[in-house]
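Dear colleague,

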Amino acid sequence: MAISRSLLFVLLVAVCAAYDNGQYDGPDEVELRLLEPAVVPDPVDGVSRWWYTPSQKAHIYRHKYPKNIEAQPRQGEDLRLPGDILPRLYTIRLLPFIEVGNWTTDGYVEIVVDCVISTVNISMNSLDLTIDLASVTVADVQTGNPIDVVNFIDEQSTRELITIQVSQPLTVGRQYRITMKFISILNALLAGFYRSSYVENGETKYLAVTQFEATDARRSFPCFDEPTMKANFTVTVGRPETWTSTSNMPLITTEPIVGMPGYVWDNYQTSVIMSSYLVAFMVSEFIGIPAEPGLSNVEFRIWARADARNLTDYSRDIGPRILEFFESFYNIDYPLPKQDMAAIPDFAAGAMENWGLITYREQYLLVDPNTATARAIQLAAVVSAHELAHQWFGNLVTMDWWNALWLNEGFASYMEYLGTDAVEPDFKMNDQFILENLQYVFGIDALETSRPINIEVNTPAEINSMFDAISYEKGSCVIRMCADFIGFETFQRGLTRYLNDNAYGNAGQDNLWAALQTQADSENVLLPATVKEIMDTWTFKMGFPLITVTRNYQTGGAIVTQNRFLLRKSNDTTDPIVYQWWVPLTYTSDYTQATKRDWLSVNEVSKTLTSLGAAANQWVIFNVDQQNYYRVAYDATNYGLIRDQLIADHQRVSDNNRAQLLDDAFTLALIESIAYSEALDLTLYLKNERDYVPWHAVLSELNYIDIMLYNLVEFPNWKNYMTSIVEPYYTAIGFQETQADPHLIKYSRIDAMNWACRLGVADCVQNALSTYATLMSQPDNLAQIVSPNEKSTILRTAIENGGQAEYDFAFNQYKTKEDTSFLVAMCASKQASVLSGLLEMLLDPTSGILRSDVNLVFNNVANNPIGNEIALDFLINRWDDIQNALGSSFFGTWYRYVCTRQNTQAGLDKLIQLRDAHPVILGNSNSVKQGLETVESNIKWVSLNQGEIGTWLAGHQPAKNSEAIRQ
Ligand code: BES
Ligand code: ZN
């Protein structure tokens, strides 16, 4: 049934370690690829630590940000600081010993605080620090008089707090200086001040670097670790004299450390006022390479290990130019004299916006233009734009608590498009927004398990769980919608107002709405309610509406209704929320005319628009360019009119709306809101479609149908039909990539080739085979022979259509170059014996398949339509052998992988039997539950839709030449 695809999309993919290189199930670019914790070895300790692995887009693995925190604060404990004592200036001195067997940091901190409410208890955050009690002092700043410390309460392991008790109440309005010494450990948790490593010339080298957001500054030094408790920071770090260090602010002096020959102190300029989570420093043997001074007014440097010095050109070029763009967009100068960006070998997030010292995963800062895919280059630009956008939105003005994290992350996720577009207009970022952010997050926000954008959070675990697609992608979508209904330029001026009003301070979303309201009022922008009233409906309610448009062809009007869009309706009637929104309606029948606008109020389920301004034989499209955050359904007549327009001249409908129409229609068909024939009718024009955006939107929808029909009698007709629409797209774009190809043509080619080759379009298959043959004769020229963008499809197609020689070559390349794309390609073989052989190899440690790649192999075999049943039988028949060879950690995940393609009662029975045979391992597993739910949904989908889709396909078979293009 309808639900199955959504479950597949959102839930299954979440645990699918499919990686991105060419697994069988098509060009669907869903990228949420969390790994089971056991799969990735810890590069430092050899112990499993990372829950996720780099995927193509950072937001995909942002979902969970778990840390191996030994002592989690107890639920319900009061974790907030009282707010009676506030920090003004920190002087921090840290000397890290970056040596195997030591890893300690000697620390000293002095904090000048204001007393705003009289108290004898000075509480601040601290975690995993060994504090030297004898060094704890409190003194009156003005008089210098010491205040007696009478007690020290250490609640680090429960509340992440320490409390210094003094003998007499501190006086309101006076300043005090608190000092203490402490020792911390450079940990391997990628949080706080931590250690990282890399290999250079065969030698392992170490560095120490910080990652404080959200609540880990307290692991590095005792501090008031809440975003509103802003202060100035003066940082001093020690290092071996041959090493380097860097921090938020410029270095002012370097001096020898007395008593420690060979060591020096680096003294940094005092920072601007900022939140503790933005403090950063790094001690390493990295080199800092300056950008061309002319590109911006601030000094810009890229820090990386020396070996990577040649990979910094791209970021050195775009970074300063993006910064310049933001200065002019926000109309506020970047307030620091310099901006460093550092590539860190072991890094938990994708990148971190520390003020003046942005840290990155290496892959987002270091780009090799010869081997990078178009997507990798785009990601590097997007990540830089995102973090630079934060220098204003987040750093200059910070959310007042983590419930409003979306003000940081939603905004940066919106601004990253504008910032990237400013330096790479060829990327057409604004066209990509709806694919990457809007249609992506619809899949998550359409589940009852979604959440409102703004929710209460208290514990560090709750805070970390906010870094998800709702804060980022949904946040960016509602901002984009707001900009559209206020008017982009008014919106831009409103942002400047907001940033100026709140600079060096904190703000909640109400402050943003107030600034936008003032701006809108001053420019006479008419709205049906206040900005706050409108936007509160989008930020405090989860989900989004389906807008149903039922036209009245006699009157020229329409009834427009709103209902919450859900991919699956449970019978939960206990939810008291009324799921209605302030809905900005936009519509058009002619893109050369101004967009027509109206509103559905939060109190209206439905409303009549008296005139759409369209004749009875003219189509109407709502949600122009998909600027708004809702889906749209039409009556059958309007769908017919749209279909006819697309066939007659699809360019009369905008690219975004073509993508929207297809994405909406297939999702509506999935939940049985419209007929599949109506959705499929909208694909009839695709043989003329050449644009990336609508194609990408529809292919990810059609992928599910492709999987479901594979074993059914309808499949040949489906394949014919798909070939008839995909082949012209492929032919128009061509197999061969050229230097001059625009960015989105490269993207299009990835989709078109992937489908054309898998559908067996002869030109595609032959080109792939001959490219592979060239590669076999010159295996060391991979980068010259195969474009990185096309690599996975070419390798996969050569294995699918080649023989033993192609397979042997791939295995050899995998073994000698550790290039897993060859291994993934091997899993695409069409020979059952090869696939079962691959699975057998997983059990043999001498087979040549690395232990770290076994999950990759199983997943890709299970995803292969021929391998799916083989994978299931392997699980059933070789259970004990798997357990002996690999332990039990894979069973739940593998079970789930197998379920994706299963859609028969016999398959379900087999899976249930397997579960019941292993009650301890499978009985209670969430993966198993979700997997079985997926299969049930698949079965229901087939029973509901097979007939209708079969009939439609029979009526839409390509007339001629179809045999020639099929293999
Ligand atoms: N502020 C975040 C980094 C972060 C993420 C800190 C999670 C703590 C927890 C940063 O601005 C960010 O959003 N990074 C993204 C990459 C970005 C380009 C989408 C990330 O790490 O996923
Ligand atoms: Zn961010």
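Predicted model: local features only at pLDDT ≥ 70, side-chain atom pairs only at ≥ 80, totals over all residues.

An open sheet of mixed pairing is formed by 8 strands in the order E5-E4-E8-E2-E1-E11-E14-E13. Its edges are strand E5 (146–147) and strand E13 (251–256), each of which has a single partner strand, so one side of each is left without a neighbour in the sheet. Within the sheet, strand E4 (residues 130–140) runs antiparallel to strand E8 (residues 175–185), the two being paired over 7 bridges; isoleucine 131, for example, has phenylalanine 182 in E8 as its bridge partner.

Turning to the aromatic residues, a search of the whole structure gives 52 aromatic pairs. One of them is the stacked pair of phenylalanine 326 and tyrosine 330, at 5.6 Å centre to centre and 25° between the planes; both residues lie in helix H4 (residues 313–330), 4 residues apart, or about one turn of the helix. Phenylalanine 326 is buried, at 0% relative accessible area, and tyrosine 330 is likewise buried, at 0%.

Phenylalanine 393 and phenylalanine 411 are also stacked, at 3.8 Å centre to centre with 5° between the planes. Phenylalanine 393 is in the loop between helix H6 (374–390) and strand E21 (397–399), whereas phenylalanine 411 is in helix H7 (residues 405–423), so the pair ties together parts that are 18 residues apart in sequence.

Key. Residues numbered from 1 in each chain as written. Chains lettered and ligands numbered in written order. Heavy atoms only, no water. Pairing = 2+ DSSP bridges. Phe/Tyr/Trp six-rings, centres within 6.5 Å; stacked < 30°, edge-to-face > 60°. Buried < 20%, exposed > 50% of the residue type's maximum accessible area, 1.4 Å probe, protein only.
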